[in-house]
Amino acid sequence: MATPFASMLDGLTRQRGVTAALVVSERDGIVVDSNLQIGQDGDRVAALAASLYRKARLSARAAGMGAVSFMQLEAPGGRICAVGGGALVLIVVAESAVNVGLVRVELLKAIEGLSAAGGDA
Amino acid sequence: MSDDVRRLSDELARDPSSRVFVPLGEALRKQGQLDLALKVTMRGLERHPHFADGHDLLARIAVDRGDLERAFDEWDMVLRLAPGHAGALRGMGFVCFQQGRLPEAEEYLTQAAAAGDEDEGVALALANVRAARRPAGSPSASPASPAVEHRSEPRLPLGTAHDPRYLFADVLTDAEQTALLLDRDGLVLAGAYVAYDGRDVAQDVGAELSGVTDSARRATRHLALGEWTSIVFETEVAVVAMAPSPSDGLLVLATSRSTPLGLVRRLLDRCSERARKWLGGRL
């Protein structure tokens, strides 16, 4: 059965260079929904990326910098991008040559849908 | 609701005339509950209109809400109520800097330091303001200027050259930027993390970022992406960039949202180089 996030995840993984998209619970890193390539194991990366996002959010709060809107981890072989919406984090894994600007815009657009679909729960 | 907020709320409920509204408002502000913090502080000030610390808190809430004019007015009120109030002088210095009023920023920050403000952020900000006031033609005033090692003129306050808190002061290009070097446990090794209102929150930020290096490494290894090179996140008012440093440490750089990402990356590279040299005993 399709979840409320299915079309959003499909839209993200259709972006050139995006290899995976996941909706994850920020608190415990559990995958709520995902769109992965065959053979990919999303559980561990979901937990680690959610943990990174949570640390970013808490450090920003400690510094009085307000809410975190977008996070990106860069490595020679690719990138992990994340945006948060309430209790959920939307994570994208992409190749290093991906158009990050476009992915960022799509993620920020998608986050509104994420919150509307239950992210504030 | 945190235990602190609950306890302070109970205390204020028991005695509405208490001045506990200040620590309560501050706790709410730190949690990002700005509307509630404002409400509590305004109510407290209705009962204690001449309480300088209440106006000081109101100013910091205004800064968090992006209302610099209001913040400046409140700190001005604080100085009328408590002349020489270091927090107000520090805050007005930061507001002036944000508004590009550099001579006034320097004057307020100098007064704050003279008033005995021991917040390391003040001396750091003062060094940065003085650097920003240097003539545009000066080799070290341009963001695109070459490596700091080629700078001939010292930019740090006297007596701070060997203070690790100032490790990045002459690498950064304006007072809105701050950099911090953490060890593998999130403990501060060098630099400072100066919040918008001038407080050094390095320890708090370090505690929250403890373990980032490990999480990042595990994530990139799991995905076979290679060793991570940077993490950048955007907040409502800042861009924060991080890079790994030797011995599983972490370099953290914060800049304003208006800083172009290319410059953020360049600054991160410069700070990383400075950290590597410092950790290698080459400074």
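So, before I give you a first number, one cut-off: I call a residue buried if 20 or more other C-beta atoms lie within 10 Å of its own, exposed if 12 or fewer, and partly exposed in between. Keep in mind that what you're looking at is a predicted model.

Let's start with chain A as a whole. With that cut-off, buried residues make up 52% of its 121 residues. Chain A has 3 helices and 5 strands, and if you read along the sequence, they come in the pattern α-β-β-α-β-β-β-α. On contacts within chain A, take pairs at least 6 apart in sequence: 53% of those join residues at least 24 apart.

Here's one pair of residues to look at in chain A. A:Leu102 sits in helix H3 of chain A, residues 100-119. A:Leu102 and A:Arg16 are 86 residues apart along the chain, and their C-alpha atoms are separated by 9.8 Å.

Now, the contact between the two chains. Chain A puts in 31 residues, and chain B puts in 37. On the chain A side, the elements that give two or more residues are helix H2 (42-62), strand S3 (68-75) and strand S4 (78-85). Which of them gives the largest share? That's H2(A), with 13 residues. And by class, the chain A side comes out as 19 nonpolar, 8 polar and 4 charged residues.

Let me stay on S3(A) for a minute, and take its neighbours one by one. Within chain A, a hairpin of 2 residues leads from S3(A) to S4(A), and those two strands run antiparallel with 5 bridges between them. If you want to find it on screen, look for A:Met71. In S4(A), A:Met71 stands opposite A:Ala82, while in S3(B) its bridge partner is B:Phe233. Another place to look is A:Val68, whose bridge partner in S3(B) is B:Thr235. As for how covered the strand is, 7 of the 8 residues of S3(A) are buried.

Last stop, a helix in chain B: H3(B), residues 34-47. It has 14 residues and reaches 20 Å from its first C-alpha to its last, close to the 20 Å expected at 1.5 Å a residue. Its buried residues are B:Ala37, B:Val40, B:Thr41, B:Gly44 and B:Leu45. Why do I say those are on the same side of H3(B)? Because they cover an arc of only 130° around the axis. Turn to the face pointing away from that buried side, and you'll find the exposed residues B:Asp35 and B:Glu46. And what covers the buried ones? That includes helix H2 (21-30) and helix H4 (52-64) of chain B.

Technical notes:
Residues numbered from 1 in each chain as written. Chains lettered and ligands numbered in written order. Predicted model: local features only at pLDDT ≥ 70, side-chain atom pairs only at ≥ 80, totals over all residues. Contact = placed C-beta atoms within 7 Å. Helix = DSSP H or I, 4+ residues; strand = E, 2+ residues; numbered from the N terminus. Nonpolar A, V, L, I, M, F, W, Y, C, P; charged D, E, K, R; others polar. Pairing = 2+ DSSP bridges. Expected span 1.5 Å × (residues − 1). Arc of directions from axis to C-beta.
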